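Reader: I'd like a close look at one part of this protein. Could you walk me through it in plain words?

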Amino acid sequence: MTVLTHSYFKLVSIFIRSHFISEAMARLVRREANGPMEIKVGNSSKWICMCGLSKNQPYCDGSHRTTLDEEEGKVYVYNSDGTRTEVNG
Ligand code: FES
């Protein structure tokens, strides 16, 4: 678990958001995590998306639940409409 100060967390959050918003090109990024990472900010917790599916980046929105029935050794592509396709890894 990583502990960050509130101001440092806001700075990192702004950087991550501006990075994702400024990029208009499409790409595939391989992610293997199927759950969020907890970051302590003062006395509260922030949950950072590690699966790549959240529509509220960089925060977890629960979308990682759709990955829980993935089969080991297989690779999936998730579409913006929430469907997924198995591809050769
Ligand atoms: S970890 Fe990605 S939505 Fe929860």
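Reader: In which strand is R84 found?

Author: R84 is found in strand β5, which covers residues 84–87. Before going further: this is a predicted model, where local features need pLDDT of at least 70 and side-chain atom pairs count only at pLDDT 80 or more, while totals for chains, interfaces and linings use all residues. Residues are numbered from 1 along each chain as its sequence is written.

R84 counts as partly exposed because it has 14 C-beta neighbours inside 10 Å; buried takes 20 or more other C-beta atoms within 10 Å, exposed means 12 or fewer, and partly exposed is in between, with C-beta atoms placed from the backbone. Leaving out residues up to four places away in sequence, R84 touches Y76, V77, Y78 and N79, where contact means C-beta atoms, placed from the backbone, within 7 Å.

Now the wider chain. It has one helix and five strands, in the order β-α-β-β-β-β from the N terminus. Those are DSSP runs numbered from the N terminus: helices are H or I with at least four residues, strands are E with at least two. Of the 89 residues, 7% count as buried.

Elsewhere, strand β2 (residues 37–41) pairs with strand β3 (residues 44–48) in the antiparallel sense over five bridges; pairing takes at least two DSSP bridges between the strands. M37 stands opposite I48 in β3. Two residues lie between the strands of this hairpin, and G42 takes a positive phi near 60° there.

Notes. Contact = placed C-beta atoms within 7 Å.
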